Amino acid sequence: MSYIKGLKCRECGRHYPKECLYVCEYCFGPLEVDYDYERIKKALTQKEILSRPKNLWRYRELLPIDGKPTDGLDSGFTPLIRARNLEKLWGLKELYIKDDSVSHPTLSFKDRVVAVALSRAKELGFDTVACASTGNLANSVACQSAVAGLKRYIFIPADLELSKIVATLIYKPTLVAVEGNYDQVNRLCSEIANKYKWAFVNINIRPYYAEGSKTYGYEIAEQLGWRTPKHIVVPCAGGSLITKIYKGLKEFYKLGLIDAPKTKFYAAQATGCCPIITAVKENSEIIKPVKPNTIAKSLAIGNPADGIYAVATVKETDGAAESVTDEEIVEAIKLLAQTEGIFTETAGGVTLGVAKKLIEQGKIPKDESIVVCITGNGLKTQEAVVDKIGKPIKIKPNLEAFEKAIN
Amino acid sequence: MAIKVRIPTPLQKLTKDKAEVEVQGKDVREIIADLEKNFPGIKERLCDEKGALRKFINIYVNEEDIRFLKLDQTPLKDGDEVSIIPAIAGG
């Protein structure tokens, strides 16, 4: 049963049918899914949600498909961890990590958006899917489309981390490494999408795809006992995730599932690629594109599609924006591993590093609830830390050698 | 001076379904003017009431974003390629 009324331009409000469309023909604004919230309100109660399996489809009415979900049936519902060691270290009252580094099946939050994108792509009649990716999306599209039996073309910047290439190739897609940065890959893919009738998950079916990120926000609210945190720190690349978590909380409120959210949103980027942070700090209406130069490759988007909406989310919620250097990213990755046992990728280092900075600056108060969004797994970006974590102690296989080595 | 311009799907109704057209002009501004001459109505899709490029449109000259060049005054020469691309993509 469908709860989609159609698509609607976020800028000028023009209506479009629920087809493979992504920008307004008139103003080029992004199209968004328009839901029948009246009917959703009747169908989706706390009791109903709690009765369903623990995956992202427990919020199915708020996701943009017409029929039954077909993909990512075990994705989502990742742990929300109480970070007691970091609380103690930083003198905080209530800190949580929403941990998508253990997302099924490809260890990043992209499994959420791909689950929705593929389910919708099939409904729209596509037999081939594609994407422009900084790595995590490549892994998830390659994986889930293999399971779904779809043809798959994946486009990445040629300098991507080896693990992200391996974790894509294993699913046997056509993997195209483009000589250029992500923004160049993305531009090329827009041109390809113009010519080939493929479902580019983050281009021509982006209105559906992007909705999957809302489930990250729904889960935080549900896992906190149907309440929202006072503060949430979110990594920003294209700016979609932060925008969609905010939308998710507002929808939950609209449906009467939670009280009015008073959550402040904080945008986190790497100093080597921080167009969203710059726009917030300079109070700018436009996003100035940059040429990325950071180890946080999964966040290295110099020309963020949802940048202005990410900035608006921060401003509307009275949050803030901050960036961290590559050195701070590595320190934060190590800290999260050594305190909470979570080995995150560089993007997670950005988020935790920024959280630390904002707490030190007094922008996030120590006595209120905070959620830090960890969206990817450290095994995929080992290059970033491999030379900064020491080496194993090599010994001969006898007791004397061991005791000599440790003393 | 012939400049090849790639037209995004949402504007191809105006170019009689052509994904690529050839126009004349010494810079991006002149290209937009010549596009309007050949395909009336296209300029108001690309530019707002003040004549500035709409914020959800990116223009590239030979694969480089004109915001890294000289915006709509980016100079063009014979054989250059211009791409008009919706900004909302990726991520």
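This is a predicted model: local features need pLDDT of at least 70, side-chain atom pairs count only at pLDDT 80 or more; totals for chains, interfaces and linings use all residues.

User: Sheets, then. What holds the strands of a sheet together?

Analyst: Strands in a sheet pair through backbone hydrogen bonds, and the pairing can be parallel or antiparallel. Here, chain A has an open sheet of three strands, ordered β2-β1-β3, with antiparallel pairing.

User: Which strands are at the edges of that one?

Analyst: The edge strands of chain A here are β2 (15-16) and β3 (31-35), and each of them pairs on one side only. Look at β1 (residues 4-9) of chain A next: five bridges join β1(A) to β3(A), and the two run antiparallel.

User: Where do I find a parallel sheet?

Analyst: Also in chain A: four strands make an open sheet in the order β8-β7-β6-β9, and the pairing is parallel. β8 (174-178) and β9 (199-200) of chain A each have a single partner strand, so one side of each has no neighbour in the sheet.

User: How many bridges join β6 of chain A to β7 of chain A?

Analyst: Five bridges link β6 (residues 128-132) with β7 (residues 151-157) in chain A, running parallel.

User: On to helices. At what angle do α9 and α10 of chain A cross?

Analyst: The idea is to compare the two axes. For α9 (residues 214-223) and α10 (residues 240-254) of chain A, the axes come within 7 Å and cross at roughly 50°. Angles from 65 to 115 degrees would count as roughly perpendicular and those under 35 as roughly parallel, so α9(A) and α10(A) are oblique to each other. The crossing of α9(A) past α10(A) is right-handed.

User: Which residues make the contact?

Analyst: From α9(A) you have K214(A), Y216(A), G217(A), Y218(A) and A221(A); the α10(A) side includes L241(A), I245(A), L249(A) and F252(A). By class, the residues of this contact split into seven nonpolar, two polar and three charged.

User: Last one: how many residues of chain A are in contact with chain B?

Analyst: Count each side separately: 30 residues of chain A are in contact with 22 residues of chain B. Helix α7 (residues 182-195) of chain A gives the most to chain A's side, with seven residues. Sorted by class, that side of chain A has 14 nonpolar, ten polar and six charged residues.

Technical notes. Residues are numbered from 1 along each chain as its sequence is written. Chains are lettered from A and ligands numbered from 1 in the order in which they are written. Two residues are in contact if their C-beta atoms, placed from the backbone, lie within 7 Å. Ala, Val, Leu, Ile, Met, Phe, Trp, Tyr, Cys and Pro count as nonpolar, Asp, Glu, Lys and Arg as charged, and the others, Gly among them, as polar. Two strands pair if DSSP finds at least two bridges between them. Axes are lines fitted to C-alpha atoms, for helices over the stretch in contact, and angles run from 0 to 180 degrees between N-to-C directions. Angles under 35 degrees count as roughly parallel, over 145 as roughly antiparallel, 65 to 115 as roughly perpendicular and the rest as oblique. A crossing is left-handed if the near helix is turned anticlockwise from the far one by less than a right angle, and right-handed if clockwise.
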